[in-house]
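Please keep the sequence and the 3D view open while reading.

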Amino acid sequence: MIPLDGPYYEDLRVGQVLPRQPSVVVDEGMAALYQSMVSERLPMVMDPAVCAAVTGEPGRLASPALVMHLSAGHSTTVTRRVIANLFYRDLRFLRPVFIGQSLATTVTVVALADSRSRPGRRHRGKVLVDIVTTADGEPAITYRRAPLLPQAGDEQPGHNDDLGTATPLDLASYAELVPASWDFGVLGPGTDWKPGISVDDPARDVVDNALALVRLTNNLAMVHRDAAESPYPQRLVYGGHVVGLAQASLSRVLPGMATVVGWHGCDHPGPAFEGDQVSFRHTLLDVAPAGSGRAFALQVEGFAHRSEEPDKILNWTPIAIAP
């Protein structure tokens, strides 16, 4: 039985499946509210006629960032007490998600590792979890994340599992996730962006509506709701909120961007807070054919401008699809 205020680190065991949150339908209202928070420029998300012209089917694509926020929110059955999220790895959108589909998520513990103890600090531990989100019952997203959780008790459990390491980027394996029948020519002529070139988005943004996004996505992490639970003087903004703004920024700098089919990785090297002024730099790592379009692997860096020197708060490697 998972306690209402937990789980704490010592409550978990390898192979454990966490209780499921209620499934949720990605509806028109949710999509409109999310668009008002981030202002994406994804044609297939904004216009069902464009989406139908690309896919050959009626319907409107749900923002891949919104879908991921809902999956991450579902996964917070393991992170009510989270101190920090150490990483996301090898996230793949196995199929696109459309407005009107129902999402459900399963979270399974695959590894546990005690953190090094420090005098005067509560014991804590690292948890590696497998996450599978379905859309109308079919697998739609898979990934691993590693939250850092506190202990309630004084004795460390003695876990020392290997949490693994990041694998090299295999762009072709992400390109395989793009439906072969989609016609990306509808979205324009594309771009001549070359690998190794960085683009700084001049349109900085502000982190706001942090609590609204947490509530919209059923995120249970107390650190995002209560300053008393935060290691900082104020509430810690959910890291995915910064990713959502980063995806919106990417949609401005990558012409004809259709969707995102994966995250090779995502790290949050620094905290984000409500009211932060943020900017994003996009560096193209590689390009590969993907159906009638192309898969773009990018390094997206996010910065919070709180003083003369900006603080880096995001290092994200999405795989975007465009003509």
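In which sense do strand 2 and strand 5 pair, and over how many bridges? Strand 2 (residues 84–93) and strand 5 (residues 138–150) are antiparallel, with 6 bridges. The model is predicted, so to speak of local features a pLDDT of at least 70 is needed, side-chain atom pairs count only at pLDDT 80 or more, and totals for chains, interfaces and linings use all residues. Residues are numbered from 1 along each chain as its sequence is written, and side-chain values use heavy atoms, with hydrogens and water left out.

**Strand pairing**

Helices (H or I, at least four residues) and strands (E, at least two) are DSSP runs, numbered from the N terminus. Two strands pair if DSSP finds at least two bridges between them. Strand 2 also pairs with strand 8, again in the antiparallel sense. Arg89 has a partner in each of these pairings: Arg144 in strand 5 and Gly265 in strand 8.

| Pair | Bridges | Example of opposite residues |
|---|---|---|
| Strand 6 (residues 198–200) and strand 9 (residues 277–290) | 3 bridges | Asp200 and Arg281 |
| Strand 9 and strand 10 (residues 293–304) | 12 bridges | Asp286 and Ala297 |

Strand 9 and strand 10 form a hairpin with 2 residues between them. In its turn, Gly291 has a positive phi of about 60 degrees.

**Helix packing**

Two packed helices are described by the angle between their axes and the distance between the axes. Axes are lines fitted to C-alpha atoms, for helices over the stretch in contact, and angles run from 0 to 180 degrees between N-to-C directions.

Helix 4 (residues 64–74) packs on helix 1 (residues 28–38) at an angle of about 105 degrees, and the axes are 10 Å apart. That angle makes helix 1 roughly perpendicular to helix 4. Angles under 35 degrees count as roughly parallel, over 145 as roughly antiparallel, 65 to 115 as roughly perpendicular and the rest as oblique. On the helix 1 side, Met30, Ala31 and Tyr34 meet Ala65, Leu66, His69 and Leu70 of helix 4, where contact means heavy atoms within 4.5 Å. By class, this contact has 6 nonpolar, 1 polar and no charged residues. Ala, Val, Leu, Ile, Met, Phe, Trp, Tyr, Cys and Pro count as nonpolar, Asp, Glu, Lys and Arg as charged, and the others, Gly among them, as polar.

Helix 4 also packs on helix 7, at an angle of about 170 degrees and with the axes 10 Å apart. Helix 4 is therefore roughly antiparallel to helix 7. Pro64, Ala65 and His69 of helix 4 touch Gly240, His241, Gly244 and Gln247 of helix 7. The contact of helix 4 with helix 7 has 2 nonpolar, 5 polar and no charged residues.

**Pockets and cavity**

Rolling a probe the size of a water molecule over the atoms shows where empty space is left. On a 1 Å grid over the protein atoms alone, a cavity is a set of points where a 1.4 Å probe fits but cannot get out, and a pocket is an open set with protein on both sides within 12 Å along at least five of seven lines; lining residues have an atom within 4 Å of a point. Grid points are joined across faces, edges and corners, and a volume is the space filled by probe spheres set on the points.

The largest pocket has a volume of about 470 Å³. Its lining has 30 residues, with Ala84, Asn85, Leu236, Gly239 and His268 closest to its centre. Strand 2 gives the most to this lining, 4 residues. The lining of the largest pocket divides into 19 nonpolar, 9 polar and 2 charged residues.

The second largest pocket, of about 210 Å³, is lined by 13 residues, and nearest its centre lie Arg81, Ile83, Arg122, Pro150 and Glu229. Its lining has 6 nonpolar, 1 polar and 6 charged residues.

There is 1 cavity of 30 Å³ or more. The largest cavity holds about 120 Å³ of space. Phe93, Arg95, Pro96, Thr259 and Val260 are the closest to its centre among 15 lining residues. Strand 8 (259–267) supplies the largest share of this lining, 3 residues.

**Backbone geometry**

Most residues other than glycine have a negative phi, and most peptide bonds are trans. Asp136 has a positive phi, near 50 degrees, and is found in the loop between strand 4 (124–135) and strand 5. The peptide bond from Gly6 to Pro7 is cis, with omega near 10 degrees.
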